[in-house]
Every structure is written in structure tokens, then in C-alpha cells.
Amino acid sequence: MRDLRGCAVSGASPRALELYERALAGLWLQRGDPLQLARAAFAEAPAFVAAHLLEANLLACSRDPRDFEAAGWSFARLRGLAMNPREAAHCAALASAIHGDFAGASRLHDRILAEEPRDALSLWVAQTMDYYLGDSPALRDRPARALPHWPASLPGYHAVVAMHAFGLVECGDYAQAEAAALHALELEPQDVRAEHALLHVLEMQGRASEGLRRVVNHPVNHLWWHRALFYLQLDLAGDALAVYDLRLRLDGLSDLIDASALLWRLRLAGVEVGERFRPVAARWSQHAEDAYCAFNDLHAMMAFAGAQRWDRAQRLLAAQERRIARAAGTNHDMTRLVGYPACRALAAFGRGDFRGAETLLRSLPPVAHRIGGSHAQRDVLTLTRAAALRRLQRSQGDVHASFASRRLAAA
């Protein structure tokens with residue numbers, strides 16, 4: 001049996017393959033529930049290796065450590081199945097990811113893609129890991145290498161173009177990113193990744209009014225977060241707060257990240273957010289001691305500091321210290337170099353220690369971007385430092401702080 005990209009698959013029935021292709025289509029569009037479709041596919045054909053691989057990789061690419069643990073059990077089931085050589089290569093890449101080596105897993109996916117540039121799962125998994133690692137050049141270059149081998153008539157072509165668009169915007173090539181995102185949307189108007197890439201272009205270029213015209217009655221939580229950022233760019237903080245109240249959900253980790261990030265930015269802008277941090281902090285509490293993803297920790301600390309929940313903030317910092325003591329895995333270095341000092345800075349800011357917050361943020365190493373996420377998300381650290389300097393200026397009449405604050409705000 002062969003899938004729509006001409007890649008050999010083992011153990012599939014026609015019905016299972018149909019479910020698998022629907023799962024991939026959901027990944028391409030960033031819609032639906034690919035995980036449940038993958039599970040339905042191997043329930044239909046228990047020996048269907050590709051469906052097991054899809055489930056395991058979706059779990060391994062989750063920011064939730066509970067999903068990551070479940071990926072280990074999925075991997076264990078895989079090892080008892082007969083595989084062709086490329087499926088075995090996928091299994092090796094998955095093993096690397098489960099051991100916490102996302103960079104090593106990406107390199108193994110690059111080997112798979114060198115032999116078969118149209119391997120849909122490899123392309124998606126590697127792109128996701130590059131996003132978590134903050135590796136902008138890889139986000140751009142891997143889909144660029146795949147595109148010449150991916151006919152426009154093949155299902156998923158629009159998604160590869162959209163991946164390339166997002167990599168281009170993260171590398172600062174806004175003109176090409178916009179052209180690629182618009183091309184992907186011409187091919188598939190429902191492609192959320194393409195729309196997302198275009199919103200990043202508009203935000204980075206300060207084209208907030210255009211951005212507002214694009215996010216209208218959209219079902220995706222994160223795109224509404226971008227709408228709120230456009231309002232902030234236009235000094236319409238009340239409208240940004242209305243987006244939070246009316247549109248943002250608190251369903252999963254990605255939603256919690258968006259909620260924390262928006263409320264924190266509103267606070268930095270001097271907007272009174274009332275008690276809104278409290279339910280967000282309550283939802284983050286179950287993750288206070290995860291120390292699994294430095295990017296998660298950063299947003300959990302925003303909620304704890306915003307809600308003045310110093311007990312939970314201390315639990316988070318203590319968990320990070322324990323994580324640093326275990327010197328292994330991708331998140332170890334990011335927690336040690338960026339996540340821990342940045343969380344201490346946010347806690348200091350929340351307590352009113354603006355000089356301490358500014359000092360910690362100023363000391364972050366040049367690899368701070370490797371904490372993951374996009375430029376639009378990571379700029380919260382620069383914004384926090386600028387806000388700390390502005391508050392120092394107001395409280396102490398610090399001329400140096402005034403100058404530095406203007407410099408950071410213009411960056």
C-alpha cells in the first residue's frame with residue numbers, strides 16, 4: 001500500500017489509509033483532531049505503522065509532559081511491529097525525540113527527507129521541533145528544499161508553501177514571506193498556517209490596520225491573540241482587553257500561553273486587568289512543577305506573577321532548579337541559560353523589583369531565542385525589560401534608564 005505522496009506504508013487497509021490521510025490533511029490545515037484520526041486508523045488496522053508513528057509524534061511534539069509520557073507508551077507499541085526501512089528511520093528519530101534530543105531528531109528527519117523530500121510526517125515533525133528550538137534558518141530552509149520535489153498538484157503542497165512562509169518571516173524576509181503566504185491561501189483558503197504567517201508579516205511591519213481586517217470571526221484562538229496585538233500596536237488597549245474577554249479560551253496549554261502573554265503585555269502597557277490573571281494562574285498550577293519546557297515555564301510565571309501567587313512562582317523556580325541539576329535533554333540548557341533567569345526576572349518585575357528584573361533580562365545570552373516560539377512571542381522579554389526601565393525612570397528619575405528604555409522600545 002502507498003500513500004498519496006508515493007511513500008511505502010506497512011500494514012494499512014484502505015479504510016485505515018483514508019483515516020490516515022484525513023489526519024495528515026488536518027495537520028496541513030491546523031484544523032480538526034489528527035490525533036483521534038490516527039488512533040482510529042490503527043484501530044482499523046492494528047499493524048498500520050504509519051498511523052502509530054503519527055500518534056506517537058503528535059504526542060512527542062506536545063508541550064504537555066503528560067502527552068510526552070504517553071508518546072513513550074506509543075513508541076513501545078511500535079517496536080513490536082514489522083517495518084520497512086523508512087519507517088524504521090522514523091522510529092529512530094522518534095526515539096531521539098523521546099530521549100529529549102529534539103535537535104538530534106531533526107537531523108534524523110533531514111536524512112529521511114534527503115531520500116524522500118515528500119515525506120509528510122518528517123517534514124511536519126522537523127518543522128515543529130525547529131519551532132520549539134527557535135531555529136529560524138531551519139524553519140525556512142527545510143521546506144525550501146522540499147518544494148522543488150513537491151508537485152503543486154499533490155495534496156499538501158499549500159502547506160509546504162505555508163511552512164516556507166513562516167520560516168521566511170522568522171528570518172526577517174517579509175516580502176517573500178508575504179508572497180508565499182498569499183500563494184498558499186490562494187491554493188487553500190482554509191490554511192491556518194498560511195494565515196498565521198501572513199499575520200506575523202503584518203505585525204512585524206507594523207501594518208496593524210491590515211491585520212485587523214484579516215482576523216474576523218475566525219475559529220482559531222491564537223489568531224485572535226494576534227488581533228489583540230494589533231490593537232495594542234494601535235494603542236487601543238481597551239479593544240485588546242475585549243478580545244481577551246470575548247474570544248480567548250483557557251482550554252489547553254497553547255490557550256494558556258496566549259492568555260498569559262496577552263495579559264502580561266497589557267500590564268506592561270499600564271492597563272488595569274483586574275482579577276483576570278487569577279483563573280489563568282489557577283489553570284497553570286497543575287504545570288507549576290513540570291519544568292518540561294522553558295517556554296511554558298515563562299508563560300506560567302507571567303500568570304503567577306500577575307496574580308501575585310508567589311507560592312506557585314516559588315514552586316516553579318524550585319522545579320527549574322531541580323531540572324538544571326539533571327544535566328540531560330534539550331530543555332536542560334534552555335532552562336539553565338534562559339528559562340530560569342527569565343522566570344526570575346518576571347517574578348522580580350511582578351514584585352516591583354524593576355532593577356533586578358532589568359539586570360536579569362540584560363544578562364540573557366545571545367542564544368535566548370532558542371527558548372522557542374516566534375519572534376512575536378519572544379519579544380515579551382524585550383518589552384518587559386523596556387517596561388522595567390521606564391518604571392525605574394519614573395521612580396528614580398534615572399536618565400540612563402530613560403535613554404535605554406527609548407532604545408528598547410524602538411527595537
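This is a short tour of a predicted model, going from the whole chain to a few selections.

**Whole chain**

Start with everything shown as a cartoon. The protein chain has 23 helices and 0 strands. Along the principal axes, its C-alpha atoms fill a box of roughly 70 × 45 × 35 Å. The radius of gyration is 22 Å, which agrees with the value near 22 Å for a compact globule of 411 residues.

The accessible surface of the protein chain is about 16700 Å², and carbon and sulfur atoms contribute 53% of that. Of the 411 residues, 60% are buried. Among contacts with a separation of 6 or more, 62% are between residues 24 or more positions apart.

**Phe102 and Tyr132**

Select Phe102 and Tyr132 and show their side chains. The two rings form a stacked aromatic pair, with 6.4 Å centre to centre and 25 degrees between the planes. The pair counts as stacked because its planes are under 30 degrees apart. Phe102 belongs to helix H6 (residues 102-115) and Tyr132 to helix H7 (residues 120-133), so the pair links parts of the chain 30 residues apart. Both Phe102 and Tyr132 are buried.

Over the whole structure, a search finds 8 aromatic pairs.

**Helix H18**

Move to residues 310-325, which make up helix H18. This helix has 16 residues and reaches 23 Å from its first C-alpha to its last, close to the expected 22 Å. Colour its buried residues: Trp310, Arg312, Ala313, Leu316, Leu317, Ala319, Gln320 and Arg323. When looking down the axis, keep in mind that an α-helix has 3.6 residues a turn, so residues three or four places apart point the same way.

Arg351 lies over the face of Trp310, at 4.1 Å from the ring centre.

**Ser285**

Last, select Ser285, in the loop between helix H16 (277-284) and helix H17 (294-306). Is Ser285 buried or exposed? Its relative accessibility is 12%, so Ser285 counts as buried; the cut-off for buried is under 20%.

Which residues is Ser285 in contact with, leaving aside neighbours within four places in sequence? Show Phe304, Arg312 and Arg315 to see these contacts. Arg312 was already coloured as one of the buried residues of H18.

Key:
Residues numbered from 1 in each chain as written. Predicted model: local features only at pLDDT ≥ 70, side-chain atom pairs only at ≥ 80, totals over all residues. Heavy atoms only, no water. Phe/Tyr/Trp six-rings, centres within 6.5 Å; stacked < 30°, edge-to-face > 60°. Helix = DSSP H or I, 4+ residues; strand = E, 2+ residues; numbered from the N terminus. Buried < 20%, exposed > 50% of the residue type's maximum accessible area, 1.4 Å probe, protein only. Lys NZ or Arg CZ within 6 Å of the ring centre and 35° of its normal. Expected span 1.5 Å × (residues − 1). Rg over C-alpha atoms; globule rule 2.2 N^0.38 Å. Contact = heavy atoms within 4.5 Å. Areas by Shrake-Rupley, 256 points an atom, 1.4 Å probe, with all protein chains shown as cover.
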